[in-house]
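Hello,

Here is the structure I promised to pass on to you. Have a look at it first, and then read on for what turned up in it.

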Amino acid sequence: MRAVRFHEHGGPDVLTVDEIDEPEPGYGEVVVEVGAAGVNPVDTYFREGAYDVPYLPFTPGSDFAGTVVGVGEGVERFSFGDRVFGTGLGNGMSGTYAEQIVSPTELLTHLPEEVELTDAAAFALVGTTAWQALVHHASVEPVETVLIHGGSGGVGHVAIQLANTMGARVFTTSSPDYHDKLEALGADAVFDYNRDDLKRVITEVGTPDVILDTHMDHYLQFDADIAADGARIIGVGNDTAEGSFTNIGVTKSKELRYQFMSMFNTPDQPAVLSRLSDLLTRGDVGPVIHRTYDLEEAGEAQRNVIHDGFVGKIVLVP
């Protein structure tokens, strides 16, 4: 079978399509024939060497959707031919940029026939991240105000929809090119993140009860300054390894709660994926597919997920 691998760390050009043996499932694992694999910024961090991989050569990728074609011992919930989707591979175990992959059963769930494989693969990681941030950590309530930094991104554009279905008033930031699209997804107000008076224009409309921060190395103090008293600030992403406050006293005076999280730490991931599957099936929340690529174009896909501006997700289709 074909699999995308990097034999050394480096730029997108180190990704190659190799012919390798088909995988065999271990105890509690299934083999999935991949119909689609999501491409996420985190995939590039493993390729570059910013995040550790257990061995080389290594296949990147966290998200997948497809059909079960092999079942290991101890597996009871899945059978040959089941449609499934999941996320969490590529971190300590071989990833999803391949025609077939092995997954522990705790990383996947069943996928209804009504849901396209490309949608499920694009949705798994960002949907789980948005769910954990807004539902698990922030416990967003109806009529609360939620600010989402970077609404055009993978997590951001899904979080807008999820917060909207929860009955929240949704603010987001983005480039002006995407304001109309984000309003169509459910944002009540969209702000140009390059504005010099961004703090003022946001707080004139309302002070956020919950902030979902996808660039927390830039916005830790900003979040504190604009948040409502008692606000919950959930940090899910950063561009650099450093972040700081210039006036940390604001966090105490407002009794703010900061929660930093990683999707890879999700407890009972199948339960979350099942709820996301329900949202997909009903059409309440879903990914915007910006573009699909072949396995041979994985390098271009990873380059674009970091450097190109767009709303939504990129997907590989083996």
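How much space lies in the second largest pocket? About 170 Å³. Please keep in mind as you read that this is a predicted model.

Let me stay with that pocket for a moment. The second largest pocket has a lining of 15 residues, and Pro23, Ser94, Gly95, Ile101 and Val102 are the ones nearest its centre. Strand β6 (residues 100-104) supplies the largest share of this lining, with 4 residues. By class, the lining of the second largest pocket has 10 nonpolar residues, 4 polar and 1 charged.

Now for the largest pocket, which holds about 1,400 Å³ of space. Its lining has 47 residues, and Pro41, Tyr45, Thr214, His215 and Asp239 lie nearest the centre. Several elements give two or more residues to this lining: α1 (41-48), α2, α3 (154-165), β9 (169-174), α6 (216-226), α9 (298-307) and β15 (313-316). If you sort the lining of the largest pocket by class, you get 23 nonpolar, 21 polar and 3 charged residues.

The domains come next. The domain assignment of the protein chain gives domain 1 (2-111 + 288-316) and domain 2 (126-263). Taken over C-alpha atoms, the centres of domain 1 and domain 2 are 29 Å apart. Where they meet, the contact takes 11 residues from domain 1 and 12 residues from domain 2. The lining of the largest pocket also draws on both, with at least three residues from each of domain 1 and domain 2.

The structure holds 1 cavity of 30 Å³ or more, and about 30 Å³ of space lies in the largest cavity. Look for Val42, Asp43, Phe46, Pro60, Gly61, Ser62, Leu89, Gly90 and Phe264, which line the largest cavity. That lining divides into 5 nonpolar, 3 polar and 1 charged.

On to the nonpolar cores. The largest nonpolar core has 81 residues, and Leu134, Val140, Val146, Leu212 and Leu316 have the most contacts inside it. Helix α2 (residues 117-137) gives the largest share of this core, 11 residues. The core also takes at least three residues from each of domain 1 and domain 2. Apart from this core lies another one of 17 residues, among them Phe171, Ala227, Ala231 and Ile233.

Leucine 134 lies in helix α2. Is leucine 134 buried or exposed? Its relative accessibility is 0%, so leucine 134 counts as buried. Beyond its neighbours up to four places away in sequence, leucine 134 touches Ser139, Val140, Val146, Ala159, Leu162, Ala163, Met166 and Val210.

Threonine 129 has a relative accessible area of 5% and is buried, because the cut-off for buried is under 20%. Leaving out residues up to four places away in sequence, threonine 129 touches Val155, Val236, Met261 and Met263.

Setting aside neighbours within four places in sequence, leucine 316 is in contact with Ala36, Ala37, Val39, Tyr97, Tyr293, Asp294, Leu295, Ala298 and Ala301.

Why is α6 described as largely enclosed by the rest of the structure? The reason is that 9 of the 11 residues of α6 are buried. They are Met216, Asp217, Tyr219, Leu220, Gln221, Phe222, Asp223, Ala224 and Ile226. The cover over the buried residues of α6 includes β8 (145-148), α5 (198-205), β11 (210-213), β12 (232-235), α7 (249-253) and β13 (257-260).

In α9, the buried residues are Ala298, Gly299, Ala301, Gln302, Asn304 and Val305. What covers the buried residues of α9 includes β1 (2-6), β2 (15-19), β3 (29-39), α1, β14 (289-293) and β15.

Key
Residues are numbered from 1 along each chain as its sequence is written. This is a predicted model: local features need pLDDT of at least 70, side-chain atom pairs count only at pLDDT 80 or more; totals for chains, interfaces and linings use all residues. Side-chain values use heavy atoms; hydrogens and water are left out. A nonpolar core is a set of buried Ala, Val, Leu, Ile, Met, Phe, Trp, Tyr and Cys residues joined through side-chain atoms within 4.5 Å. Buried means under 20% relative accessible area, exposed over 50%, partly exposed in between (1.4 Å probe, protein chains only). Domain bounds come from an automatic or database domain assignment. Contact means heavy atoms within 4.5 Å. On a 1 Å grid over the protein atoms alone, a cavity is a set of points where a 1.4 Å probe fits but cannot get out, and a pocket is an open set with protein on both sides within 12 Å along at least five of seven lines; lining residues have an atom within 4 Å of a point. Grid points are joined across faces, edges and corners, and a volume is the space filled by probe spheres set on the points. Ala, Val, Leu, Ile, Met, Phe, Trp, Tyr, Cys and Pro count as nonpolar, Asp, Glu, Lys and Arg as charged, and the others, Gly among them, as polar.
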